[in-house]
Amino acid sequence: FASAATIISGDTTAPAKPHPEPLFEAARRLGLAPQRCAYVGDDERDISAGLAAGMVTVAAGYGYLGSTTDISGWGAHLYIETPISLLKWLQKA
């Protein structure tokens, strides 16, 4: 059973995504440098925020936007189509 180490909501910081501040806040709460974090997103603004924060970005082709959205142009470091793909990548990291 896993739990979230921290939760950042849309109103946690004054600027919202795609501004990187919500991601900086998450890194601060975790006691990590942003460069040591990976950010998984299912929207282009997630990837924009992650890149602006200096995090490794993972674009998910499932979730909020569904599987019909072309995520290949978002500029993420990694593109995945299933949660299992994320788990496999994390095991290699």
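1. Some terms come before the details. A residue is called buried under 20% relative accessible area, exposed over 50%, and partly exposed in between. The model discussed here is a predicted one.

2. Take Ile 84 as a test of those terms. Its relative accessible area is 49%. That value lies between the two cut-offs, so Ile 84 is partly exposed. Ile 84 belongs to helix α3, which spans residues 83-92. Together with Leu 87 and Leu 90, Ile 84 makes a nonpolar surface patch of about 280 Å². On helices in general, an α-helix has 3.6 residues a turn, so residues three or four places apart point the same way.

3. Next, the sheet. Three strands form an open sheet in the order β1-β2-β3, and the pairing is parallel. β1 (38-41) and β3 (78-80) stand at the edges. Each has a single partner strand, so one side of each lacks a neighbour in the sheet. From one strand to the next, the twist averages 25°. As background, strands of a sheet pair through backbone hydrogen bonds, either parallel or antiparallel.

4. How many bridges join β1 to β2? There are four, and the two strands run parallel. Gly 41 has Ala 59 in β2 as its bridge partner. On the other pairing, β2 (residues 56-60) and β3 are linked in the parallel sense over three bridges. There, Ala 60 stands opposite Ile 80 in β3.

5. Look along β1 and the side chains alternate. Tyr 39 and Gly 41 point to one face and are buried.

6. Helix α2 covers residues 44-53. This helix lies across β1 and β2, and runs at about 170° to β2.

7. Is Glu 25 buried or exposed? Glu 25 has a relative accessible area of 17%, so the residue counts as buried. Glu 25 lies in α1, which runs over residues 21-30. Setting aside neighbours within four places in sequence, Glu 25 is in contact with Ile 8, Thr 12 and Thr 13.

Key
Residues are numbered from 1 along each chain as its sequence is written. This is a predicted model: local features need pLDDT of at least 70, side-chain atom pairs count only at pLDDT 80 or more; totals for chains, interfaces and linings use all residues. Side-chain values use heavy atoms; hydrogens and water are left out. Patches are made of residues with over 30% relative accessible area and no salt bridge: like charges are joined within 9 Å, nonpolar side chains (Val, Leu, Ile, Met, Phe, Trp, Tyr) within 5 Å. Accessible areas come from the Shrake-Rupley method with a 1.4 Å probe; for residues, only the protein chains shown count as cover. A salt bridge is a side-chain nitrogen of Lys or Arg within 4 Å of a carboxyl oxygen of Asp or Glu. Buried means under 20% relative accessible area, exposed over 50%, partly exposed in between (1.4 Å probe, protein chains only). Contact means heavy atoms within 4.5 Å. Two strands pair if DSSP finds at least two bridges between them. Axes are lines fitted to C-alpha atoms, for helices over the stretch in contact, and angles run from 0 to 180 degrees between N-to-C directions.
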